[in-house]
Amino acid sequence: MQKPILLSPPHLGDDELKFVHEAFAANWIAPVGPHVDAFEAEFCERVGCGHAAAVSSGTAALHLALRLVGIEAGDEVLCSTLTFIATANPITYLGAKPVFVDSDRHSWNMDPHLLQEALEARARQGKLPKAVVLVHLYGQSADIEPILKACETYDIPLVEDAAEALGATYQGRSPGTWGRVGIYSFNGNKIITTSGGGMLVSDDSELVAKARFLATQARDPAPHYQHSEVGYNYRLSNVLAGIGRGQLRVLSDRIAARRRNFEIYHQALSTIPGIEFMPEAAYGTATRWLTCLTIDPTAFGKDREEVRLALAEQQIEARPAWKPLHLQPVFADCDCVGGAVSEDIFKRGLCLPSGSSMTDDDLQRVIEAIVAVHRR
Ligand SMILES: *Cc1c(COP(=O)(O)O)cnc(C)c1O
């Protein structure tokens, strides 16, 4: 049996275990602790934001973010449709309702024109949403500036889901740091991982302090246990923050490795009829967290699923692009502004193995398998 090639497995560096040992030696096996403080400070420095709160997952960070911008039961929140379900679940946790917005073709992220039109239409009807959740997909920033401008026009907070885009740039700055609040994820398949974890960032120190408060069961400053609000148990463990500190030190290497994977795939496959890679928008640099492409079955001779299954037969893990959230059964009663672009990307899109520890042999195995399906 051949060695499995996974989509995006964890890739540890040299320092993670040292930091974990430190946590053990000091008996800081708790949520909060010196690694958590240091991880937050080092993360702020890396992405260029004012303040950060380390939490147990990206989903937890989004839940806090939405609560902190004031989302309540019955509110509407505009949200990218082409994304992982974790982007929209926290909207539902708060009893609010997502309204989805389609992607554009050149970034695969939220189409700024559609958002602008949707906000204009809703302003005329007097029912503006309470927030916009903007996703930066597959390591590429959305076109933030026009989206931020549209939000500012109507005084709507922008929440950025940069779970997949740590290390990317937009006009030289990190996606996730432009809106009122942003979040990142350190789940096992992300560009860096703490096995599970997330970060909430904002330039508003009060907002981040409130996030920490809510993430630790909203405990009032009293010697006894007193609570005036409902909170959550969402803080990151000091042990996992130690892993995060080590991972942050190799982030630039991980980006370089993933971009290199993309270059090798692109060089070998882009001339095959029917294959088109996810474009890199001119306004920034993508990390190529995942190398994604679309397959036109007429030109290529096989469809996306045939290619995916042929790869699976050879122990190569590839995945379809995200199924748009407006097509998810759980959101069947939610509206979508547009939808054709994300539906097409879902129908034809495939994410190739993209781990930063892939060898040249691994990459060649994937390439040869795809070429073989095309010839078959
Ligand atoms: C991974 C991911 C999340 C959630 O992060 P977790 O840490 O797994 O909770 C949210 N949004 C997107 C787009 C993601 O890819």
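**Notes on the sheet and its helices**

1. Helix α6, residues 144–153, lies across β4 and β5. The direction of α6 is at about 150° to that of β5. Please keep in mind throughout that this is a predicted model.

2. The sheet itself is open and has eight strands, in the order β1-β8-β7-β5-β4-β2-β3-β13. Pairing within this sheet is mixed. Its edge strands are β1 (51–55) and β13 (336–337), each of which pairs on one side only.

3. Buried here means under 20% relative accessible area.

4. Which residues of β7 point one way, and which the other way? Val181, Ile183 and Ser185 point one way, while Gly182 and Tyr184 point the other way. In a regular strand, side chains alternate between the two faces of the sheet. For β7, the residues pointing either way are all buried.

5. The two neighbours of β7 can be taken in turn. With strand β5 (residues 158–161), β7 pairs in the parallel sense over three bridges. Within this pairing, Ile183 in β7 has Asp161 opposite.

6. With strand β8 (residues 198–202), β7 pairs in the antiparallel sense, over four bridges. Ser185 has Gly198 in β8 as its bridge partner, and Met199 in β8 is opposite Tyr184.

7. Helix α3 also lies on the sheet. The strands it lies across are β1, β4 (131–135), β5, β7 and β8. Relative to β7, α3 runs at about 170°.

8. How do α3 and helix α7 pack, and at what angle? Helix α3 (residues 58–68) packs against α7 (residues 205–215) at an angle of about 120°, and the two axes are 10 Å apart. That angle makes α3 oblique to α7. The crossing of α3 past α7 is right-handed.

9. The contact between these helices can be listed by residue. From α3, Leu64, Arg67 and Leu68 take part, and they meet Leu207, Lys210, Ala211, Leu214 and Ala215 of α7. By class, the residues of this contact are six nonpolar, no polar and two charged.

Notes:
Residues are numbered from 1 along each chain as its sequence is written. This is a predicted model: local features need pLDDT of at least 70, side-chain atom pairs count only at pLDDT 80 or more; totals for chains, interfaces and linings use all residues. Side-chain values use heavy atoms; hydrogens and water are left out. Buried means under 20% relative accessible area, exposed over 50%, partly exposed in between (1.4 Å probe, protein chains only). Two strands pair if DSSP finds at least two bridges between them. Axes are lines fitted to C-alpha atoms, for helices over the stretch in contact, and angles run from 0 to 180 degrees between N-to-C directions. Angles under 35 degrees count as roughly parallel, over 145 as roughly antiparallel, 65 to 115 as roughly perpendicular and the rest as oblique. A crossing is left-handed if the near helix is turned anticlockwise from the far one by less than a right angle, and right-handed if clockwise. Contact means heavy atoms within 4.5 Å. Ala, Val, Leu, Ile, Met, Phe, Trp, Tyr, Cys and Pro count as nonpolar, Asp, Glu, Lys and Arg as charged, and the others, Gly among them, as polar.
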